[in-house]
Amino acid sequence: MSKRNEAVNKARPDTQADRVNRLFNSTVAYASGARPGPNPLDARLVLRSPRPSIARKPGRRKKKQGVWYIVDGKHQRSTGCSENAHSNALDALALYKQEKSEQLRGAHMPGLLLFDEVLADYCAYLHNRGTKRVVKRAAEKARSMANTLLNVHFRGKLIGTYVENDSHKFWSELLKIRHDFYVSKGLDPEDENPEYYAHACLSLLRRAIASYPGRHGQFWCIAVHVPKRGPRRKAREWLRKYQLSRLLLACWGFQWDWAKGCWKTKPVQRPDGSWYESRKVADPDTALLRQGMSRLIRLIIRTGLRHEAVLLMKWGSWDNLGGIEFSDSDGNGWVHRRGTEEYNTPKSLKSTEIYEELKVLLRIWAKQDGYIDPVTGDVRKAGTKPFIIRDEEDKGYRGYALEEFRQVCDWAGLDDTTTVHALKTTAATWCKQRGYSDDSIAEMLDTSVETLKTFYIRFSRELKRSAREEFDDRAKRQKWRKIQHNEPDPTDPKRRRDQEPARRALPFKSIEEVA
């Protein structure tokens, strides 16, 4: 084998397939017949000179002939043919190459492997990685995309028969199916942008095929082509009041009907036997999810923190994570934005006092989580539920919280351009609209004025409209004044300096008068 192949073979099993994808060396191409080129087996004949014989008497050394060796990278093998038997050495080299080619084709190529087997193996691998919610959710999403790949184009096909045109066929067929589905539901296909789902499915197929050899001790490579997707729609910069109201209503149990353009309703029976239409149609099993998202949205809007910092906050004293600490049962205390690990780092944020608007909300949450005793009203060292937003210690909760926020936005009737980071931009923009100074906003959000003006403060349509009307009014006032900028009349007596200068009399007589 060549040096490059040997370096790949020495790699760890989990990174071997990645290196093969980058290299795509000539050995694999030769064995699979994918690319024409020179013989990848670097085996060649090398003549090794014999050892010099040591004669008992000088001048009587017997001359020995060299031996032909087959050299393949760092490995060498004697043919047993002397220097004169060059033709026999060439036959031995041909047999060696044929043996290696058959070995490559039999042991290092996918052979009769199906797409179904590779995708099922990859989904099982994702499912067995751990028991955390984010891992389980990723495995479920991968299984769903694998079913889409198989149902649309790849079911029952061999991996060895894959060509680049298969990816384009899957892409076009899936886009057509998605387009028909959106039209049947009364939705705009351009707003849904199905290219991203097709791109995610083909990316999953590429990862599954690339990682299969490393998990099973094989050495082969098939590069899956993933077409480029179109430009993604711009994310929503900040939220209006009605959009935030929709998010909070979705956290309370409301769900938006995308087809009708209104909230869903369901009949509910009163204790007296009468019926009425209720808008709280959410499943009771999602109560904890909706409660956590409601707290997340309200804390970010009122404090301007990033969602990563809010997810780390706990009840009680300041430990290695941020938190909210009460000094009394009235809600006075501090909001610690970062923990002691980031206290002396550039990421450190200042601890701020709990202001009046936030005290009432935090007291209600503290009683629900057991941080304040609901009977005696005493403040405990920690709550029965340690974290304010999440319900357990989970390192992958940040990604899972983003999925939950996406679900709440779907219930609220907001598209995928609404992100959780837009809440921080909304907090800064609303403070500016209320008339707060830039220095006050920077002190409250612990962000520099330059960063606020560049990234977070946005101007509403009303402010832009008022600015345009102000400039229009100034133009109208200038028109009412009838300011005319015309050239002055030369015959005007009030503008004597604008008239032509009078001809002065000459001090001597003209020539005609003299004549």
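**Group meeting: a walk through a predicted structure**

Good morning. The protein chain in this predicted model has 19 helices and eleven strands. Both kinds of element are DSSP runs numbered from the N terminus: helices are H or I runs of at least four residues, and strands are E runs of at least two. Residues are numbered from 1 along each chain as its sequence is written. Because this is a predicted model, local features need pLDDT of at least 70 and side-chain atom pairs count only at pLDDT 80 or more, while totals for chains, interfaces and linings use all residues; side-chain values use heavy atoms, with hydrogens and water left out.

Let me begin with the chain as a whole. Of its 515 residues, 38% are buried. Buried means under 20% relative accessible area, exposed means over 50%, and partly exposed lies in between, with a 1.4 Å probe and protein chains only. Among contacts between residues at least 6 apart in sequence, 58% join residues at least 24 apart; a contact means heavy atoms within 4.5 Å.

I turn now to the sheets. Strands of a sheet pair through backbone hydrogen bonds, either parallel or antiparallel. Here, two strands are said to pair if DSSP finds at least two bridges between them.

Five antiparallel bridges join β1 to β2 (residues 67-72), and arginine 44 stands opposite valine 71 in β2.

Further along, β6 (residues 266-269) and β7 (residues 275-278) pair in the antiparallel sense over four bridges. Valine 268 stands opposite tyrosine 276 in β7. The hairpin of β6 and β7 has five residues between the strands, and glycine 273 takes a positive phi near 100° there.

A second open sheet holds four strands in the order β8-β9-β10-β11, and its pairing is mixed. Which strands stand at the edges? They are β8 (314-315) and β11 (352-353); each has a single partner strand, so one side of each is left without a neighbour in the sheet. Within this sheet, β9 (residues 323-326) and β10 (residues 333-336) form an antiparallel pair over four bridges, and glycine 323 has histidine 336 in β10 as its bridge partner.

Helix α13 (residues 356-368) lies across β8 and β9, running at about 95° to β9. What do the buried residues of α13 pack against? They pack against α11 (287-303), β8 and β9; among them are Leu358, Leu361, Leu362 and Trp365. An α-helix has 3.6 residues a turn, so residues three or four places apart point the same way. After α13 comes glycine 370, with a positive phi near 80°.

Next, the aromatic rings. The whole structure contains eight aromatic pairs. Rings of Phe, Tyr and Trp (its six-membered ring) pair if their centres lie within 6.5 Å; planes under 30 degrees apart count as stacked, over 60 as edge-to-face and the rest as tilted. Phenylalanine 154 and phenylalanine 170 form a tilted pair, 5.8 Å centre to centre with 45° between the planes. Phenylalanine 154 lies in α6 (residues 133-154) and phenylalanine 170 in α7 (residues 164-184), so this pair ties together parts that are 16 residues apart in sequence. Phenylalanine 326 and tyrosine 371 are both buried.

Charges also sit over rings, which requires NZ of Lys or CZ of Arg within 6 Å of the ring centre and within 35 degrees of the ring normal. Arginine 215 lies over the face of tyrosine 125, at 4.9 Å from the ring centre.

Finally, the cysteines. How many disulfides does the structure hold? It holds zero, a disulfide being a pair of cysteine sulfur atoms within 2.5 Å. For cysteine 409, the closest cysteine sulfur is 9.0 Å away, in cysteine 251, so it is too far for a bond. Cysteine 409 is buried at 0% relative accessibility, and cysteine 123 is buried at 8%.

Note on methods. Axes fitted to C-alpha atoms, helices over the stretch in contact; angles between N-to-C directions.
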